[in-house]
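Welcome, and thanks for taking a look at this one. Please open the structure below and keep it at hand while you read.

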Amino acid sequence: MSEGVKNGIRWWQRWPTWSGYAAAGWSLAYAMLGVYWTAGGDGFPFAPVDDDHRTGSILEGVPVDVSAPLMAALGLLGAVVGLAMARGAGSRRQSAAMIAFGWIAAASLTMLIPDYTMIAVLAFAPLLLVFAFTGVPGPQGGIGDILYWHRNNLIILFAGGLLWAVATLAYQRRRRAACQHCGRRHGSTGDGPSPQTLLRWGRWAVVIACLAPLPYEITRVAWFFGHPLGISRDFLTMMQDTDGMLWIGLGCAIASMLGGVLTHGLVSRWGEVYPRWIWFKAGRPVPPALAIVPASLVAVVLVPAGLMMLWDLDIHEGWGLRLPSVPWVLWGVALGAATVTYHLRRRGTCPHCEPDGGVAGADSDHLRSAMPGVRGAATDRVRHAHPQPSDPRAPSATREA
């Protein structure tokens with residue numbers, strides 16, 4: 001990869017380079033908070049609190065004298081592991097342990113510890129933006145009554161989980177001597193399932209992703225029209241007497257249905273080429289990231305929202321309050337699978353790789369210098385398969401770049 005090409009890469013496209021340092025910095029900051037809370041500092045985000053400010057996190061209410069020191073220790077360990085990942089260090093056994101740590105941290109922080117907070121923030125982001133300037137209608141004192149510290153902490157944890165996911169992915173690809181951006185190795189563009197197979201898998205995943213939220217949608221629509229499906233009549237009356245409560249449920253159901261329509265784009269022609277009714281873009285290719293980024297984010301936040309209901313299956317007010325949301329776990333997994341198949345079908349030549357799909361020469365130099373554990377035949381094959389621009393064997397287009 002030439003210097004001109006590298007200079008044209010935006011900072012977010014350099015994520016394989018900085019993600020490990022970002023994960024280490026995030027972990028160190030949270031370790032310092034753990035030390036502060038261990039020493040008796042205020043603001044422990046899982047401390048017992050009134051019902052109006054509780055979250056549905058699996059850690060809600062844990063003792064500070066046990067959890068805070070553990071947070072500090074895991075945070076310090078994460079800082080060390082993240083820094084080692086960023087530097088490409090570690091033997092084969094050490095790298096396997098660090099990769100396992102990274103994926104466990106990513107899964108715990110994004111899907112196990114949070115609750116429905118992230119899906120609520122995504123769904124109501126436009127309203128929250130308006131409320132920040134106009135104030136929150138109803139009895140709430142302000143935006144702080146919606147985004148309070150216990151919830152904000154879950155958002156911080158979720159962000160840390162995303163950092164650990166990308167840092168671990170980059171490190172894992174680096175250890176495989178693969179392109180850190182696309183994950184492909186030396187001319188492997190033709191490997192894997194065919195586009196037809198991926199499309200078939202994607203269609204099944206889309207079907208599951210559209211069926212999973214049906215119980216939630218049906219119950220919320222039924223409540224809006226006065227049918228106490230899965231709840232008591234008294235509870236429905238309470239919701240009817242509370243301004244906006246049934247409208248919020250109906251809005252969430254409609255948003256879920258619209259999401260199902262958009263999910264079909266992952267396996268439909270209009271998800272790859274703009275249709276005629278989008279006249280200003282008709283016939284042009286749909287940028288893959290336009291579908292992949294939001295679908296991936298929604299898929300991840302659906303899982304903890306469903307798991308939250310599973311942790312506490314309290315149905316004394318009726319099964320309709322919690323059970324219809326449990327299939328959200330399946331919804332998130334199916335949506336994620338459909339998104340992966342869409343990505344694999346749409347991905348083209350990686351701009352960070354040579355045209356034949358292998359790792360660029362600059363990447364192989366980085367592998368050799370940053371990763372003492374990856375040497376010998378693997379990086380030699382990369383270097384010989386993809387000569388440097390100064391090499392007379394390099395293609396003319398590469399030399400010009």
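What follows is a short tour of the model, from the overall fold to a few individual residues.

**Overall picture**

The coordinates are those of a predicted model. The protein has 16 helices and zero strands. Of its 401 residues, 42% are buried. If we take the contacts with a sequence separation of 6 or more, 71% of them join residues 24 or more positions apart.

**Pairs far apart in sequence**

Some examples of residues that are separated along the chain are set out here, with their C-alpha to C-alpha distances.

| Pair | Separation in sequence | C-alpha to C-alpha distance |
|---|---|---|
| V340 and L198 | 142 residues | 9.1 Å |
| C353 and R184 | 169 residues | 8.6 Å |
| I156 and Y30 | 126 residues | 9.6 Å |

V340 belongs to helix α13, which covers residues 328-346. V340 counts as partly exposed because its relative accessible area is 47%, between the 20% and 50% cut-offs. C353 sits in the loop between α13 and α14 (361-370). With a relative accessibility of 9%, C353 is buried, since buried means under 20%.

I156 is part of helix α7. Its relative accessible area of 35% makes I156 partly exposed. Leaving out residues up to four places away in sequence, I156 touches W26 and W149.

**Charges**

How many salt bridges does the structure hold? There is one salt bridge in the structure. In it, the side chains of R345 and E272 meet at 2.6 Å, N to O. This pair links distant parts of the chain, with R345 in helix α13 and E272 in the loop between α11 (245-263) and α12, 73 residues apart.

Which residues gather in a patch of negative charge on the surface? The patch is formed by D50, D51, D52 and D145. Of these, D145 lies in the loop between α6 (125-134) and α7 (149-175). D145 has a relative accessibility of 33%, so it counts as partly exposed.

**Two buried loop residues**

Is S325 buried or exposed? S325 is buried, as its relative accessible area is 1%. This serine is located in the loop between α12 (288-311) and α13. Apart from neighbours within four places in sequence, S325 is in contact with Y216, G306 and M309.

What is the phi of A177, which is not a glycine? A177 has a positive phi of about 60°. For context, most residues other than glycine have a negative phi.

**Back to helix α13**

The loop with S325 lies between α12 and α13, and the loop with C353 lies between α13 and α14.

Definitions and conventions
Residues are numbered from 1 along each chain as its sequence is written. This is a predicted model: local features need pLDDT of at least 70, side-chain atom pairs count only at pLDDT 80 or more; totals for chains, interfaces and linings use all residues. Side-chain values use heavy atoms; hydrogens and water are left out. Patches are made of residues with over 30% relative accessible area and no salt bridge: like charges are joined within 9 Å, nonpolar side chains (Val, Leu, Ile, Met, Phe, Trp, Tyr) within 5 Å. Accessible areas come from the Shrake-Rupley method with a 1.4 Å probe; for residues, only the protein chains shown count as cover. A salt bridge is a side-chain nitrogen of Lys or Arg within 4 Å of a carboxyl oxygen of Asp or Glu. Lys and Arg count as positive and Asp and Glu as negative; His and the chain ends are not counted. The place of a charge is taken as NZ of Lys, CZ of Arg, CG of Asp or CD of Glu. Helices (H or I, at least four residues) and strands (E, at least two) are DSSP runs, numbered from the N terminus. Buried means under 20% relative accessible area, exposed over 50%, partly exposed in between (1.4 Å probe, protein chains only). Contact means heavy atoms within 4.5 Å.
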